[in-house]
Structure formats: C-alpha cells, structure tokens
Amino acid sequence: MKVKELLTDKSKWIQHTYSVRKDDMPCPPKSDSAICWCLSGAIKKCYDYPICCDIEDKILYYLKENDDLMKRNFDQNSIAFWNDDKNRTFEQVKELVEKL
C-alpha cells in the first residue's frame with residue numbers, strides 16, 4: 001500500500017501523533033486498530049525500515065526546497081513539524097503525497 005492509498009480523505013489524517021485508534025488513543029502506525037495517521041505515521045504504516053526513512057528524507061528535502069514554512073525553519077528536520085503546523089490542511093498533505 002502507498003501513502004496516497006492510505007490517506008484517501010480527511011478522516012484518515014491526524015496531527016500531533018503518528019496514529020490513533022477508533023477511541024482516539026494513540027497507537028503504533030502499523031497497528032491493525034489504527035484508523036488515521038499523520039504523514040509520518042502513514043509512511044511508517046506503508047513502508048518498512050529503512051525504506052520509510054528514505055521516503056521521509058525525500059519528502060523533507062522537497063519541503064525544504066519548495067515550502068515557505070520549511071524554508072523559514074530550515075533547522076527543522078522532521079516532516080512532522082510540517083504536518084503539525086496549525087495552518088496545515090489535509091488537501092496540502094494529499095497534494096504532497098500525490099506529487100511524490
């Protein structure tokens with residue numbers, strides 16, 4: 001499964017934790033009980049180590065070159081920082097995963 005196949009609509013996306021269960025409790029991204037994921041959690045769900053790290057690095061590099069928030073905060077080395085921004089929308093996340 002690819003990230004774009006997992007994060008198909010806003011109900012499957014979350015901020016400030018990798019993934020949650022139906023009762024809104026955090027859980028591991030690969031857990032069968034996970035129902036929604038942040039971008040990083042979705043990558044961890046879809047890809048095993050070390051491929052997930054390579055994908056996160058690719059996305060981080062892209063964001064640091066193309067996203068104003070990441071350009072202003074170049075010292076941030078996490079796509080979670082980008083995902084968790086209070087102004088982030090699901091549409092932006094979806095556009096990013098479809099682009100990459």
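Reader: How many residues of the lining of the largest pocket are nonpolar, polar and charged?

Author: Ala, Val, Leu, Ile, Met, Phe, Trp, Tyr, Cys and Pro count as nonpolar, Asp, Glu, Lys and Arg as charged, and the others, Gly among them, as polar. Here the lining holds eight nonpolar, no polar and four charged residues. The model is predicted: local features need pLDDT of at least 70 and side-chain atom pairs pLDDT 80 or more, while totals for chains, interfaces and linings use all residues. Residues are numbered from 1 along each chain as its sequence is written, and side-chain values use heavy atoms, leaving out hydrogens and water.

Reader: What is valine 3 in contact with, beyond its neighbours within four places in sequence?

Author: Contact means heavy atoms within 4.5 Å. Valine 3 touches Leu39, Ala42, Ile43, Cys46, Tyr47 and Val97 in this way. Val3 is also listed, with Leu7, Leu39 and Trp82, as having the most contacts inside the largest nonpolar core, which has 23 residues. Such a core is a set of buried Ala, Val, Leu, Ile, Met, Phe, Trp, Tyr and Cys residues joined through side-chain atoms within 4.5 Å.

Reader: Is glutamate 56 buried or exposed?

Author: Buried means under 20% relative accessible area, exposed over 50%, and partly exposed in between (1.4 Å probe, protein chains only). Glutamate 56, in helix H3, has 16% and is therefore buried. Leaving aside neighbours within four places in sequence, glutamate 56 is in contact with Ser40, Ile43, Lys44 and Ile79.

Definitions and conventions: Helices (H or I, at least four residues) and strands (E, at least two) are DSSP runs, numbered from the N terminus.
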